[in-house]
Amino acid sequence: MYFMLSSLRKVAVIAVLSLSLTAIVSSLPILGAGDGSAHAQTASQVLVEGNQRVDDDTIRAYLSVQPGQRYSEFDINESLKALFATGLFADVEIERRRTVLVVIVEENPVLNRVVFEGNDRLKDDALEAIVLSKPRGVFTRAKVQNDTQRVLEMYRRSGRFDARVTPKVIDLPQNRVDLVFEIDESAKTSISRVSFIGNYAYSDGKLREVVDTSQKNFLSFLSGNDIYDPDKLNADEERLRAFYYRKGYADFRIISAVADLDRERNKFFVTFTIDEGERYEFGDVTIDSGVVGLDGDALRHVVLTKSGKTYNAELIERSLEELTLETARMGFPFTQIRPRGDRDYDQQIIHLTYVIDEGPRVYVERINIRGNTRTRDYVIRREFDLAEGDAYNKVLVDRAERRLRRLGFFKTVNISRSPGSSPDRMILNVTVEDQPTGELSFGAGLSTGDGLVGDVSLTESNFMGRGYKVKASLSAGSDKQNYDFGFTDPYFLGRRMSAGFDVYSRFKENDDYDVERIGGGIRFGLPIREYTSLQLRYGIEQSESTLTGSAASLPAGVLADIAAGAIITSSVGYTVTYNSVDSLTLPRDGEFLRITQDFAGVGGDVHYIRTLADARIYRQLHTDWDVVGMVGAKAGNITGLGEGVRSSDAFFKGGETIRGFKTYGPYDNVSTGLIGGNNFWNATAEVNFPVWGLPESFGLRAAVFADAGSLWGVDERKTASYQDDASIRSSVGASILWQSPFGPLRADIAQTITKEDYDEEQFFRFGGGAKF
């Protein structure tokens with residue numbers, strides 16, 4: 001009985017407690033759905049304290065809480081984040097005072113000045129352009145840290161990796177500060193060595209010419225290429241790949257490209273580790289067309305890759321472009337062409353098949369041009385082989401991007417694609433960044449032919465943003481003055497045909513007479529094939545020879561020119577050029593052939609036909625030692641049409657054709673002077689190689705050569721006593737070649753082998769430049 005009463009009392013107590021808790025809970029405020037907190041309240045008022053410059057309403061605008069609205073801890077946190085994100089405040093607090101919400105702020109100081117101290121190599125203007133902290137702006141610690149890194153990065157880009165930047169803050173009245181960046185620039189961090197591991201086919205010196213990153217030498221202060229740049233290093237990897245893929249190494253790969261900084265010596269050591277792989281040749285080259293009505297054999301004539309030739313990825317790329325254009329011309333604009341290679345590892349050949357399939361029918365809806373502040377839109381659009389409304393083709397778009405990069409007008413070029421207004425439409429977005437295209441150059445030198453010479457030239461390759469090329473130059477020596485001006489439109493009449501004009505004035509002072517020439521002309525250039533071009537031209541010139549000394553010392557031909565006074569020469573001509581050499585400054589492989597003819601007599605006082613030919617072949621004889629061989633020949637003829645050839649139109653040759661000779665050829669015994677020849681030929685064989693014991697970065701090479709040739713034919717310039725025969729002159733010698741920052745220079749020492757008594761020898765010759 002006791003047990004039952006005790007249990008009933010316990011049940012009663014529990015019931016009373018349950019009812020009490022229910023009543024308490026029911027008396028609490030009911031939160032709205034989605035409050036997410038058990039502490040939601042209503043703000044009767046929002047007050048702001050601590051602000052000096054920023055007004056109350058601006059601060060309230062960033063709050064998630066407004067008077068009369070319910071709020072939670074989540075709303076308080078969001079309001080704090082929004083106020084801090086403005087960058088206007090160093091500290092923010094939000095307090096509850098009964099039903100009033102109080103926002104207490106501490107404003108960031110205002111920047112009075114931003115000062116750079118210790119900077120010499122980089123000027124204030126350059127540094128001010130990259131920092132985010134500006135006078136009269138808001139000072140924040142985060143922004144200062146960011147600016148410090150920006151300044152350091154700019155110094156690293158200029159080659160000073162040991163530079164240090166320390167920001168200092170000076171407090172001023174009225175919550176203002178001065179920000180001072182104290183800079184220790186340090187010495188330039190140069191590249192001590194660029195090395196290659198794994199290269200067997202090509203020497204380190206050859207590969208250093210391929211990459212843009214170069215090691216320090218005694219002339220680095222002129223070029224500045226010995227500065228380490230990670231972006232340049234990445235681009236060098238692509239240059240190496242492109243080089244090896246052109247030379248037949250289809251399996252080439254870069255294992256690593258590392259730049260190690262020796263902080264004690266403040267120098268970089270750059271190392272490329274590569275795997276060259278085997279060298280391949282093209283095997284069978286076929287075209288597999290899966291497009292109905294398109295015969296692959298009909299396209300074979302545009303394919304540049306030939307069976308038995310060295311594998312070349314660039315030729316494959318060009319063949320894809322040519323095939324794409326040809327199929328479009330044949331009425332198949334939506335083809336997709338891809339190369340398929342089958343390797344024969346034993347024979348080291350790659351059988352190549354161009355697979356042609358039907359592609360999706362997508363059209364170019366619009367081409368948007370962006371970022372060009374100077375270059376006109378049409379200059380960019382003309383690099384495309386397709387226009388708005390044409391069938392979209394990725395190969396042609398990639399080709400246009402490469403063309404735009406090669407122009408040299410832009411720092412960056414990017415072509416992106418976006419969907420059009422329908423599934424079969426595509427929009428091309430071309431984004432570019434213009435860069436300076438003008439060049440002012442000065443030069444001076446010493447030549448055995450012209451003595452002390454100097455020149456200045458101004459070139460603009462994107463004149464008025466229209467893609468025109470304009471060049472004006474002045475050169476002068478101890479006995480000559482030349483003035484030249486040229487204008488070229490590379491896309492005449494909107495076609496891939498160049499047109500331009502030239503005007504010039506030339507003055508040459510000889511021992512007893514002077515010659516002045518004033519003239520000009522127009523020209524048209526047409527590309528024929530990949531390496532072949534044609535130039536057509538018309539020229540008109542007035543020449544006049546003036547006696548300045550004794551007439552007795554001059555040949556009869558020169559006296560005839562002086563007596564004739566001003567002579568007008570009006571001529572038309574053409575030049576066909578084939579040029580496949582791999583470098584214009586130091587060729588190692590390729591062929592060069594140029595044939596030129598001019599016909600004078602289109603009006604004027606002179607009538608003749610002049611023909612010139614120039615042929616050269618370059619081959620690398622030994623890859624490990626970087627030995628290069630060259631054989632070449634030149635020839636020329638001028639024939640009067642119904643009249644003799646004037647002395648000023650005849651050929652005068654010397655050390656530029658046969659080294660060891662200052663002058664040679666037909667000779668006037670009476671006046672003891674040259675009278676020029678109507679015909680000439682010369683041949684040369686040369687082998688050049690690095691100078692042993694010197695770093696390749698010096699750019700010094702040596703050469704041995706043998707020259708031979710002849711000059712003859714005097715026409716009506718002959719006198720009572722003259723020398724004229726086609727005897728062969730020859731010489732052998734050695735040279736020093738220097739790829740200097742001022743351009744290619746060379747010095748030749750030659751010994752004549754066969755000559756005539758009236759020829760004038762020249763043991764040493766010095767000059768510069770590369771002629772192509």
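Let's start with Gln174, which is exposed, with a relative accessible area of 68%. Keep in mind that this is a predicted model. Where does Gln174 sit? You'll find Gln174 in the loop between strand S7 (164-172) and strand S8 (176-184). Its phi is near 60°, and that's a positive value in a residue other than glycine.

Asn175 belongs to the loop between S7 and S8 too. Phi of Asn175 is near 55°, again positive in a residue that isn't glycine. Is Asn175 buried, partly exposed or exposed? Asn175 counts as partly exposed, because its relative accessibility is 25% and that class runs between 20% and 50%.

Okay, zooming out. The protein chain has 772 residues, and buried ones make up 40% of them. There are 12 helices and 38 strands. If you take the contacts with a separation of 6 or more, 58% of them are between residues 24 or more positions apart. The accessible surface comes to about 40600 Å², and carbon and sulfur atoms account for 55% of that.

Now for the inside. The largest nonpolar core has 22 residues, and the ones touching the most other members are Ile380, Phe384, Leu386, Leu428 and Val430. Which elements give two or more residues to this core? They are strand S15 (363-370), helix H10 (377-381), helix H11 (394-407), strand S16 (410-419) and strand S17 (425-434). As a general point, nonpolar side chains in soluble globular proteins tend to be buried together.

Let's pick out Leu428. Leaving aside residues up to four places away in sequence, Leu428 touches, among others, Val364, Ile367, Phe384, Leu386 and Val397. Its partners also include Arg366, Asn368, Ser416 and Arg417.

Tyr531, Val576, Tyr578, Leu593 and Ile595 make a nonpolar patch of about 370 Å². Strand S25 (567-579) and strand S26 (590-604) are the elements giving two or more residues to that patch. Tyr531 is placed in the loop between strand S23 (513-527) and strand S24 (532-547). With a relative accessible area of 34%, Tyr531 is partly exposed.

Last topic: confidence. The chain averages a pLDDT of 85, with 90% of the residues scoring at least 70. Which element has the lowest mean pLDDT? That's helix H1 (residues 2-26), at 38, while strand S28 (residues 627-640) has the highest, at 96. Over residues 1-38 pLDDT stays under 50, and the model has 12 contacts beyond four places in sequence for that stretch.

Definitions and conventions:
Residues are numbered from 1 along each chain as its sequence is written. This is a predicted model: local features need pLDDT of at least 70, side-chain atom pairs count only at pLDDT 80 or more; totals for chains, interfaces and linings use all residues. Side-chain values use heavy atoms; hydrogens and water are left out. Patches are made of residues with over 30% relative accessible area and no salt bridge: like charges are joined within 9 Å, nonpolar side chains (Val, Leu, Ile, Met, Phe, Trp, Tyr) within 5 Å. Accessible areas come from the Shrake-Rupley method with a 1.4 Å probe; for residues, only the protein chains shown count as cover. A salt bridge is a side-chain nitrogen of Lys or Arg within 4 Å of a carboxyl oxygen of Asp or Glu. Helices (H or I, at least four residues) and strands (E, at least two) are DSSP runs, numbered from the N terminus. Buried means under 20% relative accessible area, exposed over 50%, partly exposed in between (1.4 Å probe, protein chains only). A nonpolar core is a set of buried Ala, Val, Leu, Ile, Met, Phe, Trp, Tyr and Cys residues joined through side-chain atoms within 4.5 Å. Contact means heavy atoms within 4.5 Å. pLDDT is the predictor's confidence in each residue, from 0 to 100.
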